[in-house]
Protein chains: 2
Amino acid sequence: MKDKFYTYIQELQDTISNKLAAVDGVATFKEDIWERPEGGGGRTRVIENGAVFEKGGVNISGVHGELPDSMQKYFGVEDANFFACGLSLVLHPKNPMVPTVHANWRYFEMYDKEGNIVDQWFGGGQDLTPYYLFYEDATHFHTICKTACDKHNPEFYAKYKARCDEYFWNAHRNEARGIGGLFFDYCKATESMSMQDWYNYVTEVGNSFLECYVPIVEKRKDLPYTKEQRDWQEIRRGRYVEFNLVHDKGTLFGLKTNGRIESILMSLPPHVQWVYDHNPIEDSEEDNLLQVLKTPKEWV
Amino acid sequence: MKDKFYTYIQELQDTISNKLAAVDGVATFKEDIWERPEGGGGRTRVIENGAVFEKGGVNISGVHGELPDSMQKYFGVEDANFFACGLSLVLHPKNPMVPTVHANWRYFEMYDKEGNIVDQWFGGGQDLTPYYLFYEDATHFHTICKTACDKHNPEFYAKYKARCDEYFWNAHRNEARGIGGLFFDYCKATESMSMQDWYNYVTEVGNSFLECYVPIVEKRKDLPYTKEQRDWQEIRRGRYVEFNLVHDKGTLFGLKTNGRIESILMSLPPHVQWVYDHNPIEDSEEDNLLQVLKTPKEWV
């Protein structure tokens, strides 16, 4: 399973980065191959200063070895080895009318001292963070997510959409990071879902990503915008940074376990502003976004 | 003691904000008086878009009531009430030749159910974060810190300088946030230092702040700088954000205990950049700063 999924994310990284570079038309992805001293490594691909994408990364990694102490504590195990691989992407477009997107699909195996698999699971999801809210874009993104889910289980969309809203909650601001999508974790074999079934589901979601996002980019990337709208985007990017550095388990885990810092923090936006006590004008488009982020909505 | 120290920080807030507004010459401090629903409140003073200070705050607060659960756990106590007050300041200058500065002086009391003081202590410090390193500025800042310390105990400077280097360590980057200064905490009454002695020491440090910082501002504020130097400042400000959101106990404590978000996060810089895998040219001034930040130096 681990080889099959790693091959899958390698191919998906190619598919996604090729398509995004084509959409951008100006910038290309810069590739960094890195090795983890304790075992494994990754292929980081970063795009910067494009016509469409101001900054973004589509990264894969596959790491293995002894489970770090902090993770042994987290999982309540001892003397465990592990293998983990996944694809993580974040794209910060230049035009504030184009939303930021994040996605991640991952697979984890844990072993005992003899090398037997004692646990294995999939996780992942994809979510959208608009600066200006086009309802049809939100509905489009969620509809594609739902379609991918419905092929596997009619309950998955509602369940993983709710988990996404819960996970990407900027608690100290009492607002969502964005308008959500899907989030699932610890997807393990059950009577009704084998690991192969989960593989089929997770790759279905992975394969749906470009259809979720690219039509929105194409529709909004050439819209005109003002300096004030750009400032708003940079202020909202500040909230994105706050979420990733204060609340995001994946980021904090990476920072505290000696992960490759530049690959982890490629998720941070290129230009960001913090303005003291910034509040948009009531009933403005900016204010409308904030109202929507206060209470997660049903989009489909 | 609490009334005396609160009166002191009220006056110090006036002294510092008046002086800094005069140094700026263009912007003034905007004041927000706020109340904490559970008891107490604060006076936040923020300066933005000045001639010298791009963003900064000089805030005081005095809060009291039941000790929040997370703090009871932290201190290993039950059913405790508390009073805490302090002055916190951060200044982000526009000119990259002028360093960012942070300072904080605080006093804490803990009570049992009957209202008896069961514990009390002072804490605080002041530290400098340059973007371009002028050795004479670093030496000036530390010399004034040392002079304030030496009046009270010949060992304080070395001890609290070392604690500052330890505390403001951006572990995931393996570098210091800046060039340090002083950091002390849990300063409690002992045979040799009464609470009044600690009050005298902490106010001595508080009173030294303007002498530490203002001469550096005056010397550097009109130096010319390039767009590239400004970019470097914004990239380094990203490290400042990373420290405050990932490592700073005060910030995280505030965010997780329902503090006034805008007063806590006034510490974040106005314009910030994250560039993937940015590395300055070897032996450049930017590289020189990084080398110094890798190993805390003795400045006096």
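Reply: A term to begin with: two strands pair if DSSP finds at least two bridges between them. Strands (E, at least two residues) and helices (H or I, at least four) are DSSP runs, numbered from the N terminus. This is a predicted model, where local features need pLDDT of at least 70 and side-chain atom pairs count only at pLDDT 80 or more, while totals for chains, interfaces and linings use all residues. Residues are numbered from 1 along each chain as its sequence is written, and chains are lettered from A and ligands numbered from 1 in the order in which they are written.

Me: OK, hairpins. Which residue takes a positive phi in the hairpin of β1(A) and β2(A)?

Reply: Gly39(A), near 135°. Four residues lie between the strands. β1(A) covers residues 30-35 and pairs with β2(A) in the antiparallel sense, over six bridges. Within that pairing, Glu35(A) stands opposite Gly41(A).

Me: And how many bridges join β2(A) and β3(A)?

Reply: Seven, again antiparallel; β3(A) is residues 53-66. Val46(A) has Gly57(A) of β3(A) as its bridge partner. These two strands also form a hairpin, with four residues between them. In the turn, Asn49(A) has a positive phi of about 55°.

Me: Switching to the dimer. How many residues of chain A are in contact with chain B?

Reply: 23 residues of chain A, against 22 of chain B. Contact means that C-beta atoms, placed from the backbone, lie within 7 Å.

Me: Which elements of chain A give two or more residues to that side?

Reply: β2 (40-48), α6 (227-247), α8 (261-264) and β10 (271-273) of chain A. α6(A) gives the most, with four residues.

Me: What classes do the residues of that side divide into?

Reply: 15 nonpolar, three polar and five charged. Ala, Val, Leu, Ile, Met, Phe, Trp, Tyr, Cys and Pro count as nonpolar, Asp, Glu, Lys and Arg as charged, and the others, Gly among them, as polar.

Me: What does β10(A) pair with?

Reply: β10 of chain B, residues 271-273. The two strands run antiparallel over three bridges. Gln273(A) stands opposite His271(B) there.

Me: What rotation superposes chain A on chain B?

Reply: 180°, with 0.0 Å of shift along the axis and an RMSD of 0.0 Å. The copies are thus related as by a two-fold rotation axis. Of the residues of chain A, Val272(A) comes closest to the axis, at 2.5 Å (C-alpha). The same surface serves both copies, as 96% of the contact residues of chain A recur in chain B.

Me: Helices now. At what angle do α3(A) and α5(A) pack?

Reply: About 165°, with axes 9 Å apart; α3(A) is residues 135-150 and α5(A) is 195-220. Axes are lines fitted to C-alpha atoms, for helices over the stretch in contact, and angles run from 0 to 180 degrees between N-to-C directions. That makes the pair roughly antiparallel. The cut-offs: under 35 degrees is roughly parallel, over 145 roughly antiparallel, 65 to 115 roughly perpendicular, and the rest oblique.

Me: What about α3(B) and α4(B)?

Reply: About 130°, axes 8 Å apart. They are therefore oblique to each other. Residues in the contact include Cys145(B) and Lys146(B) of α3(B), and Phe156(B) and Tyr160(B) of α4(B). By class it has five nonpolar, no polar and two charged residues.

How values were computed: Contact = placed C-beta atoms within 7 Å. Least-squares fit on C-alpha atoms with pLDDT ≥ 70 in both.
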